[in-house]
Amino acid sequence: RPPVNVGTLVKMKAEGEKIAAITAYDASFATLVDDAGVDVVLVGDSLGMVIQGHDTTVPVTLADIVYHCRAVAKGLYRPFLIADMPFMTYASKEQALDNAVRLMQEGGAKMVKLEGGAGQVEIVEFLASHDIAVCAHLGLKPQSVHKVGGFRVQGRENEAAERMLRDAQALEGAGADIVLLECIPAPLGKHITEQLHVPVIGIGAGPDTDGQILVLYDVLDITSGRKPKFSKNFLAGHDSALEAVKAYTQAVKSKEYPGPEHCF
Ligand code: KIV
Ligand code: NA
């Protein structure tokens with residue numbers, strides 16, 4: 001099957017085929033998740049937690065993402081490769097452009113992802129005007145943890161939910177090609193997905209987004225400590241990492257995952 005591109009993802013949204021996305025941080029796992037049939041791979045700044053052992057994603061640098069992205073790109077053929085822009089690497093338009101270019105040219109990413117709402121509209125517009133594919137990450141934004149005071153479900157109150165929809169529409173209008181929603185009530189995930197033309201990928205955003213993403217180490221039950229409510233151990237009942245990621249992909253495609261127990 002040919003490599004996935006932005007057009008493929010738009011077509012999947014139109015046809016109601018769920019997009020299966022997962023994180024990866026090295027070449028071996030990149031090849032494994034490709035073989036398992038995932039459509040999208042993210043080199044997430046979650047690597048600060050699962051690879052580097054930090055409590056948050058805040059310490060991750062652009063060089064860290066470039067290093068891991070280059071390794072992932074080597075192992076990948078079909079999935080669409082997205083790289084996270086780390087904390088404070090897109091504080092101005094010019095800085096965002098320079099760093100997005102590095103993620104693409106040095107890391108091999110095809111799209112960059114940044115956390116943002118109304119405050120990032122101009123940055124997304126600037127990147128889009130330079131033909132850079134962008135994913136806008138809304139809802140729970142882990143890079144804001146110290147400002148917000150913890151990781152918790154976002155968009156529970158009407159006002160916050162309405163703001164999130166407006167922000168998502170503004171980011172789409174600015175040229176975002178994908179919107180990612182993290183940790184929001186399932187009905188809000190459904191509503192935003194219906195209102196947007198671009199594909200929406202969710203994590204803890206309910207079953208009705210156009211696709212799902214999970215951290216690879218949660219899928220394989222490697223992550224220690226408290227697990228997020230939305231995550232699921234797909235290694236249970238399977239005898240290899242490949243079979244586990246295949247099971248995840250199939251569960252997303254068949255809409256068996258996420259179940260009600262994974263939703264807010
Ligand atoms: O960093 C990451 O892995 C992410 C996903 C969980 C969406 O941003
Ligand atoms: Na991230």
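**View 1. Strand S3 and the strands beside it.** Leu42 has Ile82 in S3 as its bridge partner. From S3 the chain passes through helix H5 (residues 93-105) to S4, a β-α-β crossover that is right-handed. Right-handed here means that, with the strands pointing away from the viewer, the path from the first strand over the helix to the second runs clockwise. Helices (H or I, at least four residues) and strands (E, at least two) are DSSP runs numbered from the N terminus, and two strands pair if DSSP finds at least two bridges between them. The model is predicted, so local features need pLDDT of at least 70 and side-chain atom pairs count only at pLDDT 80 or more, while totals for chains, interfaces and linings use all residues. Residues are numbered from 1 along each chain as its sequence is written, and chains are lettered from A and ligands numbered from 1 in the order in which they are written. Strand S2 (residues 40-43) pairs with S3 in the parallel sense over four bridges. On the S4 side, three bridges join S3 to strand S4 (residues 111-115), again in parallel, and Asp84 has Lys113 as its bridge partner in S4.

**View 2. The two faces of S3.** Five of the five residues of strand S3 (residues 80-84) are buried, so the strand is largely enclosed by the rest of the structure. A residue is buried if 20 or more other C-beta atoms lie within 10 Å of its own, exposed if 12 or fewer, and partly exposed in between, with C-beta atoms placed from the backbone. Phe80, Ile82 and Asp84 lie on one side of S3, and Leu81 and Ala83 on the other.

**View 3. Strand S4 and its link to S5.** S4 is largely enclosed by the rest of the structure, because five of its five residues are buried. Met111, Lys113 and Glu115 point one way from S4, and Val112 and Leu114 point the other way. Four bridges join S4 to strand S5 (residues 134-139), and the two run parallel. Lys113 stands opposite Cys135 in S5. The chain goes from S4 through helix H6 (residues 121-129) to S5 in a right-handed β-α-β crossover.

**View 4. The barrel where S1 meets S8.** Eight strands form a closed barrel in the order S1-S2-S3-S4-S5-S6-S7-S8, with parallel pairing. Neighbouring strands of this sheet are turned by 25° against each other on average, direction ignored. Strand S1 (residues 19-23) and strand S8 (residues 211-214) run parallel and are joined by four bridges; Ala20 stands opposite Gln212 in S8.

**View 5. The surroundings of ligand 1.** The residues around ligand 1 are Thr23, Leu42, Gly44, Asp45, Ser46, Asp84, Leu180, Glu182, Ile203, Ile213 and Val215. Each has its C-beta atom, placed from the backbone, within 6 Å of the ligand.

**View 6. Two loop residues.** Gly150 is in the loop between helix H7 (145-148) and helix H8 (158-174). Gly150 is exposed, because 7 other C-beta atoms lie within 10 Å. Pro207 is in the loop between strand S7 (200-203) and S8. With 19 other C-beta atoms within 10 Å, Pro207 is partly exposed. Not counting residues up to four places away in sequence, Pro207 touches Ala186, Lys255, Pro258 and Cys263, where contact means C-beta atoms, placed from the backbone, within 7 Å.

How values were computed. Axes are lines fitted to C-alpha atoms, for helices over the stretch in contact, and angles run from 0 to 180 degrees between N-to-C directions. Two residues are in contact if their C-beta atoms, placed from the backbone, lie within 7 Å.
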